[in-house]
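Please take a moment to look over the sequence and the 3D structure shown below before reading on. The paragraphs after them are meant to be read with the structure in view.

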Amino acid sequence: MPALIAFGRRWGIGSDDLVCFGLGLAGIHIFGMVFFGIIYRLHDRNYPCPSVGILRFFLIGVFVILSCLIVLDVAIGIISSRGTIYNSRPRRSLRYFLYIRLLLILPELTWTALGTYWTFDDSSDCPGEDIIVVRIAILANWCLFFIFLVMVYCLFDPLGSLPLDGRIGPDELERAQRVWEKRCRLVFCCARTESDGKTYSDLGALLASVFLNMGTVPSDIAAGLVLVHRQQEDSQLFAEIKNGSLRRNDKFVMNPFDINVEEDKMMLWNLAHYSNYAKAAYGWPFYVLHNFTSQFSLCRYYRCCSCVRKPTDGYPIVGDNCCLCNYASIRSTTKLSKEDILYTRYIDKDHELPFFVAVDRSTKSIVVSIRGTLSLHDALTDLRAIPQGLNIDGVEDAYAHSGIYDSARKIKILLEQDVDLKSVMARHPGFKLVIVGHSLGAGAASILSILLEPLYPGLLCYAYSPPGGLMSSSLSRYSQRFVTSAIFGNDLVPRLSLQNVMKLRSSIMACIRFCRRPKYQVLMTGCCCFATTCCQCFIGNDIDLDDLTNNGDNTDNTVGLEIVPLLTASRMGSGSFGAINTVTDIDLFLPGRIVHIMEDQPPRSCGSKATYKAFWSDITAFDALLVASGMIGDHFPDAICDSLLHLLDQYPQSIDIEIKI
């Protein structure tokens with residue numbers, strides 16, 4: 001940081017990102033010099049080849065070019081290692097070495113072309129085994145040229161000419177949105193979206209609001225995440241969350257479960273019981289991945305060639321494959337009979353999530369289970385995080401995640417038209433409606449329960465690992481009567497709201513500013529963090545964040561705004577970027593009441609089990625993104641399901657309902 005400036009524009013790489021690039025190329029060129037030196041030594045004047053003179057002339061030229069390249073590459077690597085992430089003045093001469101390095105490409109290309117001519121056209125009378133070796137070396141050099149061109153294309157920043165001083169007008173904002181919209185279309189080109197382009201337009205506005213005017217490159221973000229992890233460890237944030245001693249506004253926001261209280265005991269059992277339905281919604285790919293040794297147990301539920309055979313049981317199965325693999329995995333996971341699975345739908349389209357409806361006779365409930373993210377269409381739905389207003393009686397300022405709201409609304413229509421939910425409930429008197437889901441499915445289940453609750457009093461919703469930026473605070477309070485969210489460990493997704501992303505962005509910028517170490521040292525520390533269990537000593541020795549600690553009160557948005565101003569409503573103007581006004585003004589939170597499960601003690605041996613504890617948490621306990629181990633792994637359905645079952649296993653005398661893990 002800042003990004004490398006060359007040819008009058010910024011590029012998608014930092015001036016301190018060329019340490020490994022320069023030294024690595026120097027190593028490759030040294031190896032090439034040794035290789036061609038051996039060839040030169042072996043092919044003396046008596047070498048039986050008519051064009052040996054051209055070969056020797058070519059090798060001498062190669063030695064001269066490689067010598068210059070080695071000197072330049074080493075210089076680029078050394079200069080790039082100077083300074084700190086924020087202080088680029090010691091690297092200000094780097095661009096001139098890069099210009100010289102680019103000029104040397106011309107003689108390098110010329111000599112490579114000469115070598116290509118000799119090996120493929122003028123060497124027919126030379127020994128074949130020697131020619132093959134030279135040809136391999138020439139082809140390797142052409143591959144390096146091709147890789148260089150691909151890197152230049154990837155590192156070209158279409159927004160590199162925009163100013164970084166905050167003076168951004170509507171034209172620049174429109175341009176940034178178009179660039180991010182094109183990038184989204186490229187990434188999701190295989191999704192075959194059927195939308196009118198509004199999805200990509202919203203994504204472009206959202207991503208531009210987060211990344212525009214930062215002046216950073218991807219490696220800066222990676223280094224910043226390493227530094228934020230260290231900062232969060234030093235602030236005892238991880239320890240406070242694990243111990244349940246987290247405070248907000250001088251109040252404890254995590255209260256431990258009391259297994260002797262009937263409400264807590266039944267809540268724990270219900271969460272564990274219905275988590276099986278949330279996991280079953282993922283279908284056969286997830287089942288095979290996590291039950292590889294027992295995947296043949298699905299065979300008895302398969303219905304081969306069902307795409308050409310008419311169903312005989314009368315229960316619709318929509319969008320499944322020819323052998324009904326998803327239906328088979330649902331039955332194998334839930335252990336339900338075919339009569340108890342009323343409807344399954346596995347059509348994956350824009351804002352249309354797969355789900356199934358089943359009868360749970362043990363709890364006298366009709367269960368609607370919605371699948372989480374498992375496709376590019378689902379990822380597009382996740383990223384459409386623009387708040388959308390809802391008309392809910394008795395709730396003011398009701399807003400929800402627009403992509404998830406559209407998905408929940410479509411499921412509601414399908415339940416009313418295809419499933420005929422009213423008739424299903426009428427055929428099962430005394431049964432309650434329970435809606436469950438995991439991740440994206442948890443978000444859709446929460447909003448769907450809000451839409452259906454006036455029609456079905458007594459409705460309950462269990463949302464496992466729901467997205468953090470789901471609904472406004474007023475709607476979250478409204479849903480506490482019937483929605484319960486279950487979160488495990490350091491799960492990233494329940495903390496993934498737009499306001500938390502903006503906080504993380506400001507923290508990253510502050511950490512980058514106050515870090516005194518070069519970027520390559522910070523990134524090496526991060527690698528040690530993931531590769532070893534004693535990473536804290538490496539971090540402590542390599543990274544000095546005293547200034548950041550002393551300025552702890554400045555690591556909020558104020559410092560971030562001072563370094564790189566965020567896009568706010570006062571500087572946006574009009575145009576298609578008007579959606580950002582909504583993004584920056586409305587905060588979205590988790591739904592309902594929150595049960596947070598933490599690992600108390602890890603397994604002490606290979607045969608032992610970890611112990612867990614549960615807390616009732618407030619939404620303010622999830623007001624920051626944690627950069628921690630397990631932030632990805634704790635989100636998987638198996639993680640939350642297994643933790644709930646193991647937690648029940650710790651209280652066998654208090655909970656007398658048998659559940660096997």
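This is a predicted model: local features need pLDDT of at least 70, side-chain atom pairs count only at pLDDT 80 or more; totals for chains, interfaces and linings use all residues.

Residues are numbered from 1 along each chain as its sequence is written, and side-chain values use heavy atoms, with hydrogens and water left out.

We begin with the sheet. Helices (H or I, at least four residues) and strands (E, at least two) are DSSP runs, numbered from the N terminus, and two strands pair if DSSP finds at least two bridges between them. An open sheet of 10 strands, with mixed pairing, has the order β5-β16-β15-β14-β13-β12-β9-β8-β7-β6. Its edge strands, which each pair on one side only, are β5 (254-256) and β6 (317-318).

Helix α10 (residues 262-280) packs on this sheet, where it touches β8, β9, β12, β13, β14, β15 and β16, and its direction makes about 70° with that of β13. Contact here means heavy atoms within 4.5 Å, and the axes are lines fitted to C-alpha atoms, for helices over the stretch in contact, with angles running from 0 to 180 degrees between N-to-C directions. Helix α12 (residues 325-334) lies across β6, β7 and β8, and runs at about 135° to β7.

Five of the seven residues of β16 are buried, where buried means under 20% relative accessible area, exposed means over 50%, and partly exposed lies in between (1.4 Å probe, protein chains only).

We turn next to some residues in loops. Ser 472 is found in the loop between β13 and α17 (473-478). Is Ser 472 buried or exposed? Ser 472 counts as buried because its relative accessible area is 5%. Leaving aside residues up to four places away in sequence, Ser 472 touches Asp 397, Ala 398, Tyr 399, Asp 587, Leu 588 and Phe 589.

Most residues other than glycine have a negative phi. Lys 364, however, which is placed in the loop between β8 and β9, has a positive phi near 50°, and this residue is partly exposed because its relative accessibility is 43%. Ser 439, in the loop between β12 and α16 (440-452), has a positive phi near 60°, but Ser 439 counts as buried because its relative accessibility is 7%.

Leu 144 is found in helix α5 and counts as partly exposed because its relative accessibility is 33%.
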